[in-house]
Amino acid sequence: MGLLALNRLISMQKDRRRRRIRASSMSIALMAKRKGSPCQKEDYSEGSKRVRSSVPDLPQEIWHDIHSLLPLRDAARAGCVSHAFLDSWRWHPNLTLNPKTLGLSGQNFINKVDQIMKKHSGIGIKSFKLHHYGSRIHASKLNNWLQIAVTPEIHELELSLPTVGKAQLYNFPCPLLFAGSAGNRIRDLQLANCAFHPVAGLGCLTRLYLSNVHITGDELRCLLSNSFALEELSLNHCSEIMRLKIPCLLHRFTNLTVFDCRALGIIENEAPNLCTVLIDTDIVHKSIGYSLQVKRLEMFCAVEFNLVHHVRAKLPASMPNLGTLSISSAGEMFSTPSVPGKFLLLKHLDICLEVAIGAFSPDYDYFSLAFFLDACPILENFNLDVIQTRMRHDSIFEDSSHLRQMVGHRHDNIKTLKITGFCSAKSMVELTCHIVENATSLECLTLDTISENGLSDNVRLSMHEIGECPPICRHMIGEAQRALLAMERYIVGKVPSTVKLNIKKPCSWCHAR
């Protein structure tokens, strides 16, 4: 393993280092002629046996380079094999410290990290990742570790700390990054469960991730305004930000993620190339500023109503280049409207209609989603997920006299249709029949009677193998049986033979009534 890594390194070094390696190899060869051995020998006694271990006599900096290719734990283990390796791991440039890599937790984990940091040379660290989920770490100890880790060479810094009751959050020592040259090369900064009060920008920063971080909108604006290389920003549960402003000078900025920032009321994006937006706050009903280049949008909020109506009515004008759209709505007071404006480039559409307890908006007309599909002329994939614990819509078995149709509304590019949480609601049966009859390119149709909050088939199968499937209320198990009957009676016969039909039933073992 070491020789392969060495060969790889040698091929990448400059001519000067290559000459040094050749010179070292020549000296080893001369020693071999004189002493009859090409390597230095180290003997270890074990009872009456003697074990020989040998390593090539290479310059120390070469061993440092070889060890830098190993994970931290393997580099430390190598130091236990030979005294020649003992010092190299202390120069390791990539420190990933978490309970999994160290095999420790709690105070034992803290003590081990303290030992590692005290023994490390503090030179050449490029990546420092500390994730701790147990007891609180004293601020002075954290300061000492970061003092060693944050060097002028560091590119990647991750710090995730535990939240312990109402204890004050750790105050990240910003002078380490913004005073002097230590933070000049930072490209990836991820902080969780701490306070962060930046006073300047980071010129090389490309990715910023903040989770449960105490930072104000003004402080974040100061950081963003002077971080011209920024490409991605992710904010999760940052409760002190009321206004997010992304300046126009961030020409490389393309990805914005905002989750659970309850105080956030305004997003002002001026970055010209923003193309991916993932958001879950009530800001979804408002403009996010310049968004003409947005190609992917995900809007998820457990308490927001009428998102489907809002998106259909407002977004074609503000986001005309959307190619992928995902919406999650907690309720729809109005059916999807037929209004001017189209998503001319939309190919992938996911709609989740979810209510934690009870029935999803009984007055909502599932069939009206055909107007949404009609506004997407090149749509290829449509996924509809309905999550509810009761079904209050009018059932197809209560009134099957006339199934509505939309003459002239064709969906020639739809290739896959998946409806999860399929029920016997008449409007849902009508929607499904409409798509089957008018999607001339349809290749695959999946109708799943059980909605399990987006769990994939593989996850559902693995959960069944290790125990029971996720529990489903008795009412919805009965509704699933009625949905199966509705499929057989009104849909299956209309599916062309060229279409792959997947009908998923409740588990016969776990979901028996």
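Q: What percentage of the 513 residues in the protein chain is buried?
A: In this predicted model, buried residues account for 47% of the 513 residues in the protein chain.

Q: Which residues have the most contacts inside the largest nonpolar core?
A: In soluble globular proteins, nonpolar side chains tend to be buried together. Here the largest nonpolar core has 117 residues, and Phe128, Phe196 and Leu244 have the most contacts inside it.

Q: How many disulfides does the count come to?
A: A disulfide is a covalent bond between the sulfur atoms of two cysteines. The count here comes to zero disulfides. For Cys261, the nearest cysteine sulfur is that of Cys238, 4.9 Å away, whereas the cut-off for a disulfide is 2.5 Å. Cys261 counts as buried because its relative accessibility is 2%, under the 20% limit.

Q: Where does Asp188 lie, and is Asp188 buried or exposed?
A: Asp188 lies in strand β7, which spans residues 188-195. Asp188 is buried, since its relative accessible area is 13%. Its side chain makes a polar contact with the side chain of Gln190 at 3.2 Å. Beyond neighbours within four places in sequence, Asp188 is in contact with His155, Glu156, Leu157, Leu205 and Arg207.

Q: How many helices and strands does the protein chain have?
A: The secondary structure comprises 15 helices and 20 strands. Among contacts between residues at least 6 apart in sequence, 63% join residues at least 24 apart.

Technical notes:
Residues numbered from 1 in each chain as written. Predicted model: local features only at pLDDT ≥ 70, side-chain atom pairs only at ≥ 80, totals over all residues. Heavy atoms only, no water. Buried < 20%, exposed > 50% of the residue type's maximum accessible area, 1.4 Å probe, protein only. Core = buried A, V, L, I, M, F, W, Y, C linked by side-chain atoms within 4.5 Å. Helix = DSSP H or I, 4+ residues; strand = E, 2+ residues; numbered from the N terminus. Contact = heavy atoms within 4.5 Å. Polar contact = N/O pair within 3.5 Å; in protein donor to acceptor, adjacent residues only side chain to side chain.
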